[in-house]
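Please keep the sequence and the structure in view as you read.

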Amino acid sequence: MVKRLQEILDEAVEKKEIAGANLLVEKGGGVLCCLQSGYADLENKKEVKQDSIFRLYSMTKPVTATAAMKLVEQGKLDLGETVSSFLPEFRGQAVVMEDGKRVPAQREVVVKDLLNMTAGLMYPGYEGPAGRAVDHLFEELEQRLLTDHPMTTEEVAKRLGQCPLAFQPGSAWLYSSCADVLGAVIGKAAGMSFGAYLQQALLAPLGMEDTGFYVPEEKRSRLAVTYETAGDGLEPYRGNHLGIINAMNRKPAFESGGAGLVSTVTDYMKFAHMLLQGGVYGNERILEEKTVNFLTNGGLLPNQQKDFERNIPHFSGCTYGNLMRVMREEGKAYHMGGLGEYGWDGWLGCFFSNDPENRLSIVFMTQRRDAGTLPVMRKLKNVIYAKLGSLHN
């Protein structure tokens with residue numbers, strides 16, 4: 001199996017689907033394989049290594065959700081609590097109807113809406129008045145990003161609260177900036193910055209020393225270059241996206257709960273391993289087992305589920321909850337998996353999957369613009385699952 005996985009990675013690099021990648025697979029707490037292929041920097045022929053650092057983008061979201069649930073189990077955050085109790089700008093919001101008319105929200109956005117993407121918030125790029133308002137906000141975020149007065153995590157969240165909602169809270173599902181608002185809520189509930197709380201509650205206890213919102217100078221040579229497709233090849237992508245500084249060379253004012261973290265394949269596996277072990281890492285309990293069960297068994301109402309399937313068809317067979325997909329109907333999926341398997345992917349191609357039934361964790365990292373779950377990742381996953389029956393725990 002390992003030989004075939006390496007061949008698949010090498011083929012993807014040779015075909016210029018990706019510049020390079022890391023794959024780490026664990027089963028029953030033991031490493032099945034740790035593979036690398038290609039380059040972290042094509043131009044300088046710098047190979048991907050086990051300690052290469054990658055921008056996670058949306059694979060930040062499961063970490064944010066876990067931080068929120070840590071506060072929930074401590075009684076510092078209530079999933080039914082209104083977001084306006086932390087950010088007053090979310091009080092008295094308006095909803096833009098299909099005909100463009102604005103009506104009052106029938107209820108306030110609550111914390112659980114942020115975890116399930118059912119708040120009515122948006123990301124840039126959507127049409128209509130609500131979409132344009134978010135576009136303007138993220139344009140300003142980008143314009144101020146490298147100035148001496150950048151937007152902070154809290155300011156971004158407050159401004160999102162002043163934007164009209166795309167639908168009545170709880171009535172639909174839309175992939176959006178919910179996790180960015182959740183990051184601000186976490187900071188408020190914890191009484192410190194979002195980044196400081198992540199460090200205290202998760203990153204330090206898990207020994208995730210290469211995970212954070214920027215890359216210190218002494219580690220910057222390990223940061224992989226981001227690429228985009230260009231003709232029949234790949235070229236570097238230097239742009240900033242969703243308020244994330246591509247160069248990762250400064251501590252950001254905006255600590256994005258939806259997209260801001262960098263990490264390594266081994267660091268992220270520590271996080272995945274902790275969840276798969278019911279909240280325990282080494283001899284330390286990070287989360288209570290009941291909390292992990294709640295976190296990793298999310299779901300949507302029927303009308304919300306239809307929106308999820310329509311908006312993200314490559315996760316067909318899954319439902320969504322707590323900022324992660326959860327496998328419910330294996331036969332509908334685009335790749336093999338296990339019932340109850342959960343995880344997420346990222347804009348630049350990072351992918352994570354935990355399968356409690358098979359005691360299996362998969363972490364894959366690459367850096368290609370607009371990637372999500374790439375064909376190479378589906379191929380890798382299919383080979384892994386096809387061989388599960390012959391693998392020992």
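The chain holds 11 helices and 16 strands, where helices (H or I, at least four residues) and strands (E, at least two) are DSSP runs numbered from the N terminus. This is a predicted model, in which local features need pLDDT of at least 70 and side-chain atom pairs count only at pLDDT 80 or more, while totals for chains, interfaces and linings use all residues. Residues are numbered from 1 along each chain as its sequence is written, and side-chain values use heavy atoms, with hydrogens and water left out.

**The chain as a whole**

- With 393 residues, a compact globule would have a radius of gyration near 21 Å, and the chain agrees with this at 20 Å; the radius is taken over C-alpha atoms, and the globule rule is 2.2 Å times the number of residues to the power 0.38.
- Taken along the principal axes, the box that the C-alpha atoms fill is roughly 60 × 45 × 40 Å.
- Of the 393 residues, 57% are buried, a word that stands for under 20% relative accessible area, whereas exposed stands for over 50% and partly exposed for what lies in between (1.4 Å probe, protein chains only).
- Among contacts between residues at least 6 apart in sequence, 68% join residues at least 24 apart, where contact means heavy atoms within 4.5 Å.

- Helix 2 (residues 61-73) has 13 residues and reaches 19 Å from its first C-alpha to its last, close to the 18 Å expected; the expected span of a helix is 1.5 Å times one less than its number of residues.
- Nine of the 12 residues of helix 8 are buried, including Val 265, Asp 267, His 273 and Leu 275, and just after helix 8 Gly 278 takes a positive phi of about 70 degrees.

**Aromatic rings**

- The count comes to 15 aromatic pairs, under a rule by which rings of Phe, Tyr and Trp (its six-membered ring) pair if their centres lie within 6.5 Å, and by which planes under 30 degrees apart count as stacked, over 60 as edge-to-face and the rest as tilted.
- The rings of Tyr 268 and Phe 271 have centres 5.3 Å apart and planes at 70 degrees, so this pair is edge-to-face.
- Tyr 268 and Phe 271 are three residues apart in helix 8 and therefore separated by about one helical turn, and both are buried.
- Phe 315 and Trp 344 form a tilted pair, with 5.1 Å from centre to centre and 40 degrees between the planes.
- This pair links distant parts of the chain, 29 residues apart, with Phe 315 in the loop between helix 10 (302-311) and strand 12 (318-321) and Trp 344 in strand 14 (residues 342-345).
- Phe 315 is buried at a relative accessible area of 2%, and Trp 344 is buried at 1%.
- Ring pairs link Phe 315 and Trp 344 with Tyr 123, Trp 173, Tyr 175, Phe 308 and Tyr 320 into a cluster.

- Thr 366, in the loop between strand 16 (360-365) and helix 11 (375-386), counts as buried at 1% relative accessibility.
- A polar atom of the Thr 366 side chain lies 2.6 Å from the backbone oxygen of Gly 20, and, not counting residues up to four places away in sequence, Thr 366 touches residues including Ile 18, Phe 54 and Leu 374.
- Ser 171 lies in the loop between helix 5 (153-162) and helix 6 (178-190), is partly exposed with a relative accessible area of 34%, and reaches the backbone oxygen of Gln 168 with its side chain at 2.6 Å.
- Tyr 281, in strand 10 (residues 280-281), is partly exposed with a relative accessible area of 24%.
- Leaving aside neighbours within four places in sequence, Tyr 281 is in contact with Pro 205, Leu 206, Lys 270, His 273, Met 274 and Ile 286.

Terms used
Polar contact = N/O pair within 3.5 Å; in protein donor to acceptor, adjacent residues only side chain to side chain.
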